[in-house]
Amino acid sequence: MEFRKDLFQNERDDNLNVVGKGVQRQDMPGHVTGRSPFFDDHAFEGLLHLKVVRSPHHHARIRRIDIAAAERAPGVKRILRGADVPVNKNTLLSLINFGKDDEPSLAVDKVRYKGEPIVAIIAESEAQALAARALVRVEYEPLPAVFDVEEALKPGAPVINETYPGNYFEYHEKYDHQKLRFGDVERGFAMADHIVEDRYQMSPIEHAPTETNGSIAAPEQNDRFVVHSCAQGLFFSLGTAAKIVNLDSNRLHFIGGTVGGGFGGKVDSLTEPLAVLGAMMTGRPVRYVLDREEEMLYGSPRGAERIYIKDGIARDGRILARQIRSYFDAGAYTRLSSYAAIKCTAHLPGPYTIPNVASDIYVAYTNRCPSTAMRGFGITAVDFALEVHMDKGAEACGLDPMEFRILNAYRDGDMKAHRRVAKNTALIECVQVAAEKARWPLSDEARRQSSLTGGGGSRAEIPATPIDENGRINRPETRGGRPTQTLPAGTMRIPMTKQPIMEGSTENRPKAPAVPQYEPYRPAAAAPPPVAPPPAPMPPAAPPAAAPSPSPAPASQHGAHRFSSVFGTRRR
């Protein structure tokens with residue numbers, strides 16, 4: 001293996017004891033001998049099995065649920081419905097005070113995607129649970145469904161997720177998307193010699209782990225419960241389960257260990273809350289494991305993304321303007337899609353110095369299975385689209401695609417579109433080495449380029465950015481008004497000269513209908529007090545002036561500090 005010690009030489013530490021050396025993995029002996037313990041290897045006396053009834057419809061109102069025959073079936077110990085779940089609405093990111101609870105563990109009034117859980121059967125054996133599941137009768141009223149992200153955002157589209165009636169995630173309950181503005185893209189397009197524009201569509205991707213999602217929950221002494229889980233984020237899963245079953249987290253003992261394939265698909269706690277609730281209700285260990293069909297059809301996939309890119313390019317190959325519009329298909333519920341859009345916005349416009357950049361990144365709800373994390377989600381798809389678009393831009397200019405990238409690459413000292421100076425850049429060197437390994441010919445001029453030289457200067461300037469009369473950065477594709485002011489070049493903050501008009505649900509948007517009330521929790525214990533909507537972090541793409549004076553925020557439920565990759569600061 002070759003190490004380029006000339007790169008980052010002032011930051012290198014060559015006293016490495018792992019990188020570049022043959023070190024045996026700690027878990028290798030267990031894997032090759034078959035002795036590695038997985039969650040499903042734990043044997044419990046009196047183990048019960050949980051299976052769920054799932055919706056056959058993409059979108060339907062639940063009119064009636066008949067469990068009488070299933071309750072009388074052999075081996076059935078308990079049947080769980082939405083009313084049995086103490087806190088039957090959740091979203092993973094609420095654990096860090098981001099977003100509103102929108103997904104029930106067991107559907108009550110409606111189903112919003114094909115395969116949504118409605119009823120849980122707990123029986124002595126897996127076969128008995130499956131047999132009883134077939135006896136449950138559910139009457140549905142089918143509703144119009146929408147599967148396309150742009151169709152979902154059009155006026156008059158069926159409301160999928162009543163928590164977000166516009167079918168888009170609301171950042172801070174006022175912004176309908178993540179926005180980035182740097183310079184004036186319209187002016188950049190007017191100056192360009194070439195306009196390259198295209199649309200890129202990604203499909204959902206199933207993680208296909210060898211081990212499907214699953215967990216075993218069992219009562220312990222001292223009124224606690226132990227949970228053997230394959231969760232990738234064990235503390236996320238513990239916090240989610242504790243909230244849904246309304247237990248103090250110190251009453252749950254989560255044990256992780258070997259994960260038989262995850263890749264992001266085991267962060268959503270698909271099985272742990274119901275397994276714990278089943279153990280609470282029966283006083284016995286409960287195993288809930290997705291079979292392969294459930295994993296493939298209803299386990300969270302990587303979300304589909306649609307990306308539009310428009311580049312304005314000068315005759316010499318310099319990209320003068322880049323405009324991006326992207327849609328994340330969240331499916332029926334939020335899960336982690338809102339975070340993916342933030343990552344996407346923070347990553348744009350790729351590793352290239354472009355003086356005029358505009359992006360609008362939306363999270364749209366459709367009647368698909370909710371999507372989740374998968375290996376660089378939020379960045380992987382847009383990187384693919386950007387790099388394919390770079391090849392098209394090079395072809396339009398008649399330039400070599402490698403040299404086109406070197407010409408436009410970040411250099412140390414350049415200004416990023418997020419108004420932060422680029423440091424420790426190395427794309428030029430990466431392209432040069434890749435070309436060398438691939439025996440791709442580069443010109444002498446391209447081989448002489450370096451990420452350490454040529455940056456800064458005019459490339460470090462912050463361009464003038466148009467705003468409208470309300471102090472907003474305008475969004476011309478959806479608003480009739482044109483920019484009426486221009487922020488001077490070099491402006492880091494947008495001044496609030498007028499009270500801004502907020503975007504999203506508070507500006508000419510339909511109000512949310514009354515959220516359906518869930519059935520009361522059947523045990524006599526008092527229901528947990530309602531939780532006030534927590535404050536969310538400031539979006540990276542929204543300028544500070546676009547927000548009114550903040551009202552007093554509710555007390556944080558979680559006191560841990562969080563690090564913002566966009567702002568580079570620690571916040572509560």
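Two strands pair if DSSP finds at least two bridges between them. The model is predicted, so to speak of a local feature takes a pLDDT of at least 70, side-chain atom pairs count only at pLDDT 80 or more, and totals for chains, interfaces and linings use all residues. Residues are numbered from 1 along each chain as its sequence is written, and side-chain values use heavy atoms, with hydrogens and water left out.

**The overall picture**

- The protein chain has 13 helices and 19 strands; helices (H or I, at least four residues) and strands (E, at least two) are DSSP runs, numbered from the N terminus.
- Of its 572 residues, 51% count as buried, where buried means under 20% relative accessible area, exposed means over 50% and partly exposed is in between (1.4 Å probe, protein chains only).
- Take the contacts between residues at least 6 apart in sequence: 79% of them join residues at least 24 apart. Contact here means heavy atoms within 4.5 Å.

**Strand β9 and its partners**

- Strand β9 (residues 214-219) has 5 of its 6 residues buried, so the rest of the structure largely encloses it.
- On to its pairings: β9 runs antiparallel to strand β12 (residues 286-289), with 4 bridges, and Ser 215 has Tyr 288 as its bridge partner in β12.
- β9 is also joined by 5 bridges to strand β10 (residues 225-229), again antiparallel, and there the bridge partner of Ser 215 is Ser 229.
- β9 and β10 make a hairpin with 5 residues between them, and Asn 222 in the turn has a positive phi of about 60°.

**Strand β2 and its partners**

- Strand β2 (residues 60-66) runs antiparallel to strand β4 (residues 110-111), with 2 bridges; Arg 61 stands opposite Lys 110 in β4.
- β2 is joined to strand β6 (residues 137-142) by 6 bridges, also antiparallel, and Arg 64 stands opposite Glu 139 in β6.

- An open sheet of 5 strands has the order β7-β15-β14-β13-β8, with mixed pairing.
- Its edge strands are β7 and β8 (194-201), as each pairs on one side only.
- Neighbouring strands in this sheet are turned by 5° against each other on average, direction ignored.
- Inside the sheet, β14 and β15 are parallel over 9 bridges, and Asp 329 stands opposite Ala 364 in β15.
- Helix α10 (residues 380-397) packs on the sheet, touching β8, β13 (305-313) and β14, and its direction makes about 150° with that of β8. For such angles, axes are lines fitted to C-alpha atoms, for helices over the stretch in contact, and the angles run from 0 to 180 degrees between N-to-C directions.
- Helix α9 (residues 337-347) is mostly covered, with 8 of its 11 residues buried; the buried residues of α9 pack against β7, β14, β15 and α10.

**Rings and charges**

- Rings of Phe, Tyr and Trp (its six-membered ring) pair if their centres lie within 6.5 Å; planes under 30 degrees apart count as stacked, over 60 as edge-to-face and the rest as tilted. That rule gives 9 aromatic pairs.
- Tyr 164 and Tyr 365 are stacked, because their ring centres are 5.3 Å apart and their planes are at 10°.
- Tyr 164 is in the loop between α4 (149-152) and β7 (178-182) while Tyr 365 is in strand β15 (residues 357-365), so this pair ties together parts 201 residues apart in sequence. Both Tyr 164 and Tyr 365 are buried.
- Tyr 327 and Tyr 362 are another stacked pair, 5.4 Å centre to centre with 20° between the planes; Tyr 327 is in strand β14 (residues 319-331) and Tyr 362 in β15, 35 residues apart.
- Ring pairs also link Phe 98, Tyr 164, Phe 169, Tyr 171 and Tyr 365 into a cluster.
- Arg 325 lies over the face of Tyr 308, 4.3 Å from the ring centre. A charge sits over a ring if NZ of Lys or CZ of Arg is within 6 Å of the ring centre and within 35 degrees of the ring normal.
- The charged end of Lys 343 sits over the ring of Phe 377, at 4.2 Å from its centre.
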